[in-house]
Amino acid sequence: MEQSITLTQILERRSKPRIECSYPAIVQGQDVSGKKFRANATLTNMSANGLYLVLKSEVQLGNELFVIFRCSSTGPLGKGKAPLIAVEGNVTRSSQPLQGVYTVALKIRHNRFL
């Protein structure tokens with residue numbers, strides 16, 4: 001049986017598959033000016049190695065962030081039956097696609113279920 005390979009699979013550089021999602025999250029860390037912040041964010045995709053977030057705070061490459069999210073897009077972060085997950089990691093990429101909106105790629109260093 002012959003398998004077909006798509007262009008996306010050829011161009012994919014990630015070592016782990018990604019899951020597309022839209023989960024509410026809370027992010028804590030330091031912004032580009034070194035000021036501590038805690039902000040709401042949206043987790044847009046994840047893998048075993050990393051997270052991709054949309055938030056309103058600009059962060060610097062290498063900064064350590066702490067993220068809490070629930071694998072559920074319904075209801076507030078504190079409610080629901082889906083597991084609550086805490087992640088610590090470092091920013092590997094950051095961009096500003098729109099005024100006042102930032103996207104951040106985070107490489108996971110540590111995670112745990114709460």
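Reader: Which residues are linked in a network of salt bridges?

Author: A salt bridge is a side-chain nitrogen of Lys or Arg within 4 Å of a carboxyl oxygen of Asp or Glu. Here the network links Glu64, Glu88, Arg109 and Arg112. This is a predicted model, in which local features need pLDDT of at least 70, side-chain atom pairs count only at pLDDT 80 or more, and totals for chains, interfaces and linings use all residues. Residues are numbered from 1 along each chain as its sequence is written, and side-chain values use heavy atoms, with hydrogens and water left out.

Reader: How many salt bridges does the structure hold?

Author: The structure holds 3. In one of them, the side chain of Arg109 meets that of Glu64 at 2.7 Å, N to O. Arg109 is in strand 6 and Glu64 in strand 4, 45 residues apart, and the pair links distant parts of the chain. Strands (E, at least two residues) are DSSP runs, numbered from the N terminus.

Reader: Which side chains meet at 3.8 Å, N to O?

Author: Those of Glu88 and Arg109. This pair also spans distant parts of the chain, with Glu88 in strand 5 and Arg109 in strand 6, 21 residues apart. Glu88 also forms a salt bridge with Arg112, at 3.7 Å, N to O. Arg112 lies in strand 6 and Glu88 in strand 5, so this pair ties together parts that are 24 residues apart in sequence.

Reader: Is Arg109 buried, exposed or partly exposed, and what is its relative accessible area?

Author: Buried means under 20% relative accessible area, exposed over 50%, and partly exposed in between (1.4 Å probe, protein chains only). Arg109 has 47% and is partly exposed. Glu64, at 45%, is partly exposed, and so is Arg112, at 33%.

Reader: How many residues does the largest nonpolar core have?

Author: In soluble globular proteins, nonpolar side chains tend to be buried together. A nonpolar core is a set of buried Ala, Val, Leu, Ile, Met, Phe, Trp, Tyr and Cys residues joined through side-chain atoms within 4.5 Å. The largest one here has 22 residues, and Leu43, Leu51, Leu65, Val67 and Phe69 have the most contacts inside it.

Reader: Which strand gives the most to this core?

Author: Strand 2 does, with 5 residues.

How values were computed:
Helix = DSSP H or I, 4+ residues; strand = E, 2+ residues; numbered from the N terminus.
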